[in-house]
Amino acid sequence: MRGRATLEAFVRQFPPYSQLGFTSLFAYDIADDTEICWLHGNLVVRLLEFNEMRHFYSFLGTSRVAETIEQLLAQAEKAGIITELLIVPEVCLQPSWTQPNQQFVIREDRACFDYILSAETLSQLD
């Protein structure tokens, strides 16, 4: 339980992200191979992407972000998994990533917007 308490205390510092909570990390672990670790004070996870059934890295945190990204991309290439970071919360990239000419390409994934609903549309049952 100590590991779970540590993970949950860290995650509570940030806005909620469904994929990075303790329950979600392990409830959707269909291959029993989710991995978590700490890198530069950030939570790092290796998860399974269900469309392609390939692994990928993500992280949560704001410490030494560029170094964290570089190391995770290098490790992904070495491990032969998806060589881009997925489901990285926006809070991890702000405010230090607002300048032009960044060393990484950062883009929103519209597929991750599926939890945003219009209360007005929903109330009209459209």
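**A tour by selection**

Select G80 first: this residue, just after α3, takes a positive phi of about 75°. Helices (H or I, at least four residues) and strands (E, at least two) are DSSP runs, numbered from the N terminus. The model is predicted: local features need pLDDT of at least 70 and side-chain atom pairs count only at pLDDT 80 or more, whereas totals for chains, interfaces and linings use all residues. Residues are numbered from 1 along each chain as its sequence is written, and side-chain values use heavy atoms, with hydrogens and water left out.

**Helix α3**

Next, select α3, residues 65-79. Now colour V65, T68, I69, L72 and A76, the buried residues of α3 (buried means under 20% relative accessible area, exposed over 50%, partly exposed in between, with a 1.4 Å probe and protein chains only). Seen down the helix axis, they fall within an arc of 95°, so they line one face of α3; the arc is that of the directions from the helix axis to the C-beta atoms. On the other side of α3, E77 and K78 are exposed. The cover over the buried residues of α3 includes β1, β2 and β3.

**The β1-β2 hairpin**

Move to residues 35-39 (β1) and 42-49 (β2), which pair in the antiparallel sense over 5 bridges; two strands pair if DSSP finds at least two bridges between them. The two strands form a hairpin with 2 residues between them, and H40 in the turn has a positive phi of about 55°. L39 has N42 of β2 as its bridge partner.

**Helix α1**

Select L7, F10 and V11, which are buried in α1. They lie on the same side of α1, because they cover an arc of only 95° around the axis. The buried residues of α1 pack against α2 (22-27), β1, β2 and β3.

**The core**

Finally, show L43, Y57, F59, L60, I69 and L72, which touch the most other members of the 26-residue largest nonpolar core. Such a core is a set of buried Ala, Val, Leu, Ile, Met, Phe, Trp, Tyr and Cys residues joined through side-chain atoms within 4.5 Å. α1, β2, β3 and α3 each supply at least two residues of this core. Centre on Y57: beyond its neighbours within four places in sequence, its contacts (heavy atoms within 4.5 Å) include V44, L72, A76 and L86.
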